[in-house]
Amino acid sequence: IIDGMEQHIDQKQMRGVVTRGVAISGVGNGVLRFFDLAIAIFLLRWLTVFEYGTYRLILAAYDFAAGFFLAGLENVVVSDASGSLQEEPRKARTLFSVYTYFTLAVGVLLFLIFFFGSELVSKWFGGGGEYLRIISFLFLISPLESAFKLRFHILLDFAWETIFRVFRDFSRLGAILAFYFLFSFGTREAILTLMISYAAPVVLTILFYHRYSLFAVPSFSEARQALESLFFRHGKWALLEDFLSNSGKNVRPFIIKFFVGTEAVALFSAAQSLVANMTSIFPIRDILTPVLPRFADRPARLSGGINRAIKYSMFAYVLIGIVGALAAPFAVFLLFPKYLPSLPIFYVFLLGVPFTGFRSVVIPVFYALKAQEILFFLTALRIAFTIGVGITLTYLFGLWGAVIEATLLGYFITPALARALRTVLPQWRFSLRELFTFDAYDRELLREMKYRIAKRFGITN
């Protein structure tokens with residue numbers, strides 16, 4: 001009986017943690033969408049098409065090199081350290097510290113390569129040696145930013161995590177306005193504002209955040225155990241999948257630049273960013289990632305939850321796509337008219353939005369079931385498709401070839417994910433009929449959503 005009571009209390013506490021995290025993050029995401037939109041508007045309006053294309057290429061170069069920070073291990077650090085914090089706090093602190101020290105060492109190495117070897121590196125990325133020297137300082141700041149975000153996650157401090165993200169965007173918006181009205185604004189200043197946005201919340205946290213410290217100086221044996229956990233157990237698949245994913249994501253702009261030109265990169269990126277900003281208002285993947293592992297040992301219930309989440313997610317994404325299709329021409333015309341040529345690309349990308357909703361639900365399931373190995377092979381398949389089909393179509397049809405490849409990739413990878421999910425969760429079944437059913441559970445959920453929304457805005461008794 002006592003064991004059952006303790007389990008019940010733990011479940012209630014977990015529901016409270018998840019509810020609080022979703023509520024705080026939801027408010028933060030709303031504020032961030034406003035800042036992100038303002039930043040995107042100013043960048044697209046105040047940079048020429050060529051400057052914006054150059055900015056995106058420099059950012060892609062940084063993102064590619066930042067893959068060596070092994071951010072794919074962050075979920076492993078958060079999960080393992082959180083599980084050990086109560087019973088084995090020394091083990092949790094050691095794991096956190098070893099990963100942080102590793103990223104700092106990698107950051108210093110990348111800084112030296114980009115700063116002193118900028119001319120050599122620029123030959124790989126098509127020029128921009130001066131800009132690469134500027135962005136090299138980001139490699140020194142990024143490990144500190146990552147350490148604080150991990151600390152917030154492990155300590156379940158959702159409020160400070162939200163403050164951190166909001167202050168980062170607020171700092172960048174302020175820096176953009178300051179450069180534009182007080183000095184000048186071009187590719188160089190756009191990169192500088194990015195650096196300011198990374199440094200500002202780090203300084204804020206150092207000055208005002210004084211909760212439990214996770215930093216430690218581990219012994220040799222402790223460090224060895226932590227490194228084994230990170231690199232030679234389940235962490236290795238998360239690491240490989242993340243590295244492949246980042247590499248594939250950043251290779252497409254260079255394919256477009258090589259065959260078409262820098263301006264084409266800007267048009268493609270503008271359409272992609274518009275779709276990404278639209279779909280970010282329904283962050284179903286972020287919500288499900290910490291929730292689904294709670295049902296990993298109950299496959300039947302997990303399968304039912306997946307199907308309902310797929311239905312709600314695809315419906316929400318279709319609705320977002322319709323609203324976006326109607327609003328985009330007016331928004332682009334009023335805010336950044338020079339990117340009107342990107343609208344046809346945007347409309348093609350909208351055709352894949354419902355399938356993005358499907359993938360946003362399915363991908364967290366593999367993390368819940370610790371099946372990152374399958375995600376790794378699916379990511380390798382996706383990158384092979386991007387390189388092989390992307391080069392061929394872009395060579396044959398120019399920019400539209402890249403657009404076709406990006407759209408076909410969604411249609412190609414979605415059934416592959418569904419088949420893989422059946423492999424790791426044989427109980428899972430899904431039919432199109434489920435998308436169009438509305439039962440008592442759905443009605444109850446709708447009532448609860450209305451109540452929570454009304455309560456959030458203070459219109460309930």
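1. A crossing of two helices is called left-handed if the near helix is turned anticlockwise from the far one by less than a right angle, and right-handed if it is turned clockwise. By this rule, the crossing of α8 and α9 is right-handed. Helices here (H or I, at least four residues) and strands (E, at least two) are DSSP runs, numbered from the N terminus.

2. Please keep in mind that this is a predicted model, in which local features need pLDDT of at least 70 and side-chain atom pairs count only at pLDDT 80 or more, while totals for chains, interfaces and linings use all residues. Residues are numbered from 1 along each chain as its sequence is written, and side-chain values use heavy atoms, with hydrogens and water left out.

3. On the chain as a whole, there are 19 helices and zero strands. Of its 461 residues, 48% count as buried, where buried means under 20% relative accessible area, exposed means over 50%, and partly exposed lies in between (1.4 Å probe, protein chains only). The accessible surface of the chain comes to about 23500 Å², and 68% of that belongs to carbon and sulfur atoms; such areas come from the Shrake-Rupley method with a 1.4 Å probe, and for residues only the protein chains shown count as cover. Among contacts (heavy atoms within 4.5 Å) between residues at least 6 apart in sequence, 82% join residues at least 24 apart.

4. Axes are lines fitted to C-alpha atoms, for helices over the stretch in contact, and angles run from 0 to 180 degrees between N-to-C directions. The residues of the contact of α8 with α9 divide into 17 nonpolar, four polar and three charged, where Ala, Val, Leu, Ile, Met, Phe, Trp, Tyr, Cys and Pro count as nonpolar, Asp, Glu, Lys and Arg as charged, and the others, Gly among them, as polar.

5. Helix α9 (residues 187-208) also meets α7, and the axes of these two come within 9 Å and cross at roughly 45 degrees, so that α7 and α9 are oblique to each other. This crossing is left-handed. The residues of α7 that take part include L138, I141 and F148, and those of α9 include L194, Y198 and V202. By class, this contact has 11 nonpolar, two polar and one charged residues.

6. Which residues join α2 to α7? Y62, A65 and A66 in α2 meet L138, F139 and S142 in α7, and this contact has five nonpolar, one polar and no charged residues. The axes of α2 (residues 49-66) and α7 (residues 138-154) come within 12 Å and cross at roughly 55 degrees, which makes α2 oblique to α7. The crossing of α2 and α7 is right-handed.

7. Leaving aside neighbours within four places in sequence, L57 is in contact with P253, F254, K257 and T262; L57 and K257 are 200 residues apart in sequence, and their C-alpha atoms are 8.9 Å apart in space.

8. F111, in helix α4 (residues 89-116), is buried, with a relative accessible area of 14%. Not counting residues up to four places away in sequence, F111 touches F116, S136, F137, F139 and L140. F111 and S136 are 25 residues apart in sequence and 4.9 Å apart in space, C-alpha to C-alpha.

Methods
Parallel < 35°, antiparallel > 145°, perpendicular 65-115°, else oblique.
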